[in-house]
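Please keep the structure open while reading.

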Amino acid sequence: MTSLAGLRAAALAASLTVAAPALADTSVITAARMLDVEKGTIVADPVVTVTDGRIVSVGTGRGAAIPGGAKRVDLGDVTLVPGLIDMHVHLTSLAEVGGYKTLKYTDSFWGAVGVANALKTLRAGFTTVRNVGAADFQDVGIKEAIDGGWLVGPRIVPAGYAIGATGGHCDDNALPPSWDKKLPSVVNSPEEARAKVRWLHKYGAEVVKICATGGVFSLGDSVGGQQLSEEEMRAIADEAHMLHMKVAAHAHGDEGIKAAIRAGIDTIEHASLASDEAMKLAVEHKTWFDMDIYNDDYILATGTANGTEQESLDKEKAIGLKQRQTFQRAFRMGVPMIFGTDGGVYPHGDNAKQFAKMVQWGMTPLQAIRAATVSAAQALGREGDVGAIAVGRYGDMVAVAGDPLRDVTVLEHPVAVVKGGVKVD
């Protein structure tokens, strides 16, 4: 007959068995080489162990021990690079459909193409993106679906709507007054600006995007003209920082750039016409420049074929070369630089074509790659998550053929992409 003590022991053992956690999901990624972006060196025979999506060890050696039950992912004769980060994309936009052609499609169309563009972007080696502007919080929805496992795509830092002034780059100036509609993104005072930041944060935005100046693809405005006051920009920056959010400012013109820097904005997007004075301010305030210097090639090559208005094409012709020259000067003056392409202005998936332009205009391959890894992670405030193949960070990697420090264009053709330790199909 079993004793009471025996029954208690058996019950305890049963409860412990039921409560035992499932074995951790572990994969081991191996390859011929790995780029250590922090040291700027190539490491032979890397062995990267990823458990539950994060890196738990980074070792070397062909004979390295593989944990029992771990999945081995041998990528062969390739170089591992940290998962790339594009700091300026629009997943719910299409380069192939612009201008008034966009009015042929129903509103929900853009969220649908955003799903396809997210997959293209991930397959191109960009495992993290900052989506700086989308209607109807579509980028938040796509992020939620990816994070929940329903969709495949990169890690998304969403902005939701971009904040701007009435009639400005973040407003819609394409239709006559009889079709007038105030967009949810429009503000006209510091008070409205503060409230808009809170509203965006409430519904899932993780970064704030503002339109400090006019733009190329907005109609009826000057590409360089300032559109938000410094007081409005400061209100946005103060409110966002209080909520632990970063702020990105679309800004082509010099006065708008300087006002944004003084207001405490974290990153300046485009920065096409920045003066030396603005660059000195950026160095002083440690403000990042995020300059899309590849897409000019695509815009000028396609002209008005995709629906781009002649007015926008003329603006691009006026500032495209100047922006690249500004990039070169800013880099030489020590302005902190990150990688952002304005994906959606050119076809999604071609993000890596910008690396060659960054090298052409003054950077070394390593400096260009750092702009899309460690520097981008720092600008996001997510150094502990992305930007390097290092313990504690997500197991996000890109495999390329050859040595990206010798030929940065190999990044345009990934052999494999790994996100969270899982190889992307």
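Contact here means heavy atoms within 4.5 Å. By that criterion, and not counting residues up to four places away in sequence, glutamate 269 touches Met87, His88, Arg130, Ala248, Ala249, His250, Ala251 and Asp290. Glutamate 269 is found in strand β15 (residues 267-270); helices (H or I, at least four residues) and strands (E, at least two) are DSSP runs, numbered from the N terminus. Glutamate 269 counts as buried because its relative accessibility is 0%. Buried means under 20% relative accessible area, exposed means over 50%, and partly exposed lies in between (1.4 Å probe, protein chains only).

**Basis of the model**

This is a predicted model in which local features need pLDDT of at least 70 and side-chain atom pairs count only at pLDDT 80 or more, while totals for chains, interfaces and linings use all residues. Residues are numbered from 1 along each chain as its sequence is written, and side-chain values use heavy atoms, with hydrogens and water left out. The predictor's confidence in each residue is its pLDDT, from 0 to 100. The chain has a mean pLDDT of 93, and 94% of its residues reach 70 or more. Over residues 1-23 pLDDT stays under 50, and for this stretch the model has one contact beyond four places in sequence.

The UniProt record, an unreviewed entry, places the feature "domain: Amidohydrolase-related" at residues 79-421. UniProt positions are given in the numbering used here, feature names are shortened, and annotations may be inferred rather than shown by experiment. In the model, the span 79-421 is 36% helix and 15% strand, and its end C-alpha atoms lie 16 Å apart.

Helix α3 (residues 138-147) is largely enclosed by the rest of the structure, because seven of its ten residues are buried. The buried residues are Gln138, Asp139, Val140, Ile142, Lys143, Ala145 and Ile146. What do they pack against? The buried residues of α3 pack against α2 (108-123), β9, β10 (155-158) and β19 (416-419). Just after α3, glycine 149 takes a positive phi of about 90°.

Helix α7 (residues 276-285) contains alanine 278, which counts as buried at 0% relative accessibility. Leaving aside residues up to four places away in sequence, alanine 278 touches Asp254, Ile257, Lys258 and Ile261. Alanine 278 and isoleucine 257 are 21 residues apart in sequence, with 6.8 Å between their C-alpha atoms.

**Aromatic side chains**

The structure holds twelve aromatic pairs. Rings of Phe, Tyr and Trp (its six-membered ring) pair if their centres lie within 6.5 Å; planes under 30 degrees apart count as stacked, over 60 as edge-to-face and the rest as tilted. Two of the pairs are tabulated here.

| Pair | Centre to centre | Angle between planes | Type |
|---|---|---|---|
| Phenylalanine 126 and phenylalanine 355 | 6.5 Å | 20° | stacked |
| Tyrosine 294 and tyrosine 346 | 5.5 Å | 75° | edge-to-face |

The phenylalanine pair links distant parts of the chain, with phenylalanine 126 in strand β9 (residues 126-131) and phenylalanine 355 in helix α10 (residues 353-360), 229 residues apart. Phenylalanine 126 is buried at 0% relative accessibility, and phenylalanine 355 is buried with a relative accessible area of 0%.

The tyrosine pair also links distant parts of the chain, 52 residues apart. Tyrosine 294 is in the loop between β16 (288-290) and α8 (295-302), and tyrosine 346 is in the loop between β17 (337-338) and α10. Tyrosine 294 is buried at a relative accessible area of 10%, and tyrosine 346 is buried at 0%.

Phe137, Tyr161, Trp199 and Tyr203 form one aromatic cluster. Lysine 196 lies over the face of tryptophan 199, at 5.0 Å from the ring centre. A charge sits over a ring if NZ of Lys or CZ of Arg is within 6 Å of the ring centre and within 35 degrees of the ring normal. Arginine 54 lies over the face of tyrosine 394, at 4.0 Å from the ring centre.

**The disulfide**

A disulfide is a covalent bond between the sulfur atoms of two cysteines; the cut-off used here is a pair of cysteine sulfur atoms within 2.5 Å. A search of the whole structure finds one disulfide. Which cysteines form it? Cysteine 170 and cysteine 211 do, with their sulfur atoms 1.9 Å apart. The disulfide is right-handed, because the torsion about its S-S bond is about 55°. Cysteine 170 lies in the loop between β11 (164-165) and β12 (186-187) and cysteine 211 in strand β13 (residues 207-211), so the pair ties together parts that are 41 residues apart in sequence. Cysteine 170 is buried, with a relative accessible area of 12%, and cysteine 211 counts as buried at 1% relative accessibility.
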